[in-house]
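Hello,

Here is the structure I said I would pass on. My notes on it follow below.

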Amino acid sequence: MTAPPLAAYTRRIPNTLRIDRQGPVLSIELNTSDQGNVVTEVMLDELLAVLDEHDPDVRVIVLSGAGEDFCQGGDRTEYAEQLAQDPTGAGIRGSGTKARRVCEALANNPAVTIARVQGKVIGAGLALALSCDLRVGAETATFRLPELALGMPTAWGGILPRLLNEVGAATVRELVLTCRSFDAQEARALSILQKVVPVDELDAAVKTWAAPVIRRSPTALRVTKLLFNAHANATRLADITALDPELMASVLATRELAPAANGRRRGHLI
């Protein structure tokens with residue numbers, strides 16, 4: 001059964017997202033494929049507008065990316081523009097705060113969140129995927145955390161504690177310090193993905209997960225998610241991810257952003 005019109009989710013026509021509602025399943029697609037679905041401030045604003053709705057009839061939220069790649073990271077061109085406008089890094093701090101709110105909105109949403117990933121999943125894109133409860137990837141998907149190679153801290157959307165919780169400190173240290181790429185099978189072995197399928201089976205895999213979830217009691221589902229999040233945070237004495245925007249702004253304000261290589265689309269994190 002198709003849900004009513006999407007007015008509640010689209011107070012204005014999104015510039016960077018494609019929204020679709022089919023009954024209890026809400027699909028959010030990053031929709032700037034000509035730019036690699038890089039995360040801009042406009043995209044963060046639009047993600048927050050959708051995720052903050054908390055419609056009790058939505059049981060599943062599917063996050064995906066249009067085109068060949070899920071998300072090629074944050075937009076370094078926009079970071080440079082923000083620094084040009086305010087060399088103290090105030091704009092970057094603001095964007096960083098929004099990034100943290102978006103990732104928390106995915107992780108803490110009463111609905112079960114599913115990341116459907118393909119192609120390149122880089123930097124901020126990996127943070128978005130990791131914030132989801134369930135993650136399925138195409139066999140050809142590749143992953144990378146390039147921040148250190150670009151002279152930036154791994155401090156976007158609270159990604160580091162999520163990685164440490166899901167993957168483990170020794171492996172995360174190696175991935176962050178080397179900035180190397182890894183494939184979908186390794187991502188599965190590291191629990192970054194829970195399922196790997198051929199790219200043409202991604203939608204079927206999402207439906208397989210969503211089908212039993214939408215039959216669950218909404219109250220039981222909400223409490224179960226609260227329990228998962230509480231246990232994940234039990235060993236953290238304080239939420240130091242609140243420092244992420246300040247760390248990012250402080251580092252970038254003291255150096256020039258590494259220039260994008262010739263021929264790349266915008267200044268995304270690769």
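Asn 109 sits in the loop that joins α3 (90-108) to β4 (112-117). Please keep in mind that this is a predicted model. Asn 109 counts as buried because its relative accessibility is 4%, and the cut-off for buried is under 20%. A polar atom of the Asn 109 side chain lies 3.5 Å from the backbone oxygen of Leu 51. Neighbours within four places in sequence aside, Asn 109 is in contact with Leu 51, His 54, Ile 61, Glu 104 and Lys 225.

Next, the helix pair. Helix α1 (residues 41-51) and α3 have axes that come within 9 Å and cross at roughly 35°. The crossing of α1 past α3 is left-handed. On the α1 side the contact is made by Glu 41, Leu 44, Asp 45, Leu 47, Leu 48 and Leu 51. The α3 side contributes Ser 95, Lys 98, Ala 99, Arg 101, Val 102, Ala 105 and Leu 106. Sorted by class, this contact of α1 with α3 has eight nonpolar, four charged and one polar residues.

Two backbone points remain. Cys 179, although not a glycine, has a positive phi of about 60°. Cys 179 is in the loop between α6 (169-178) and β8 (182-183), and counts as buried at 6% relative accessibility. Ser 191, also not a glycine, has a positive phi of about 70°. Ser 191 belongs to the loop between α7 (184-189) and β9 (195-197), and with a relative accessible area of 33% Ser 191 is partly exposed.

Regards

Key: Residues are numbered from 1 along each chain as its sequence is written. This is a predicted model: local features need pLDDT of at least 70, side-chain atom pairs count only at pLDDT 80 or more; totals for chains, interfaces and linings use all residues. Side-chain values use heavy atoms; hydrogens and water are left out. Helices (H or I, at least four residues) and strands (E, at least two) are DSSP runs, numbered from the N terminus. Buried means under 20% relative accessible area, exposed over 50%, partly exposed in between (1.4 Å probe, protein chains only). A polar contact is a pair of N or O atoms within 3.5 Å; within protein, one must be able to donate a hydrogen and the other to accept it, and residues adjacent in sequence count only if both atoms are side-chain atoms. Contact means heavy atoms within 4.5 Å. Axes are lines fitted to C-alpha atoms, for helices over the stretch in contact, and angles run from 0 to 180 degrees between N-to-C directions. A crossing is left-handed if the near helix is turned anticlockwise from the far one by less than a right angle, and right-handed if clockwise. Ala, Val, Leu, Ile, Met, Phe, Trp, Tyr, Cys and Pro count as nonpolar, Asp, Glu, Lys and Arg as charged, and the others, Gly among them, as polar.
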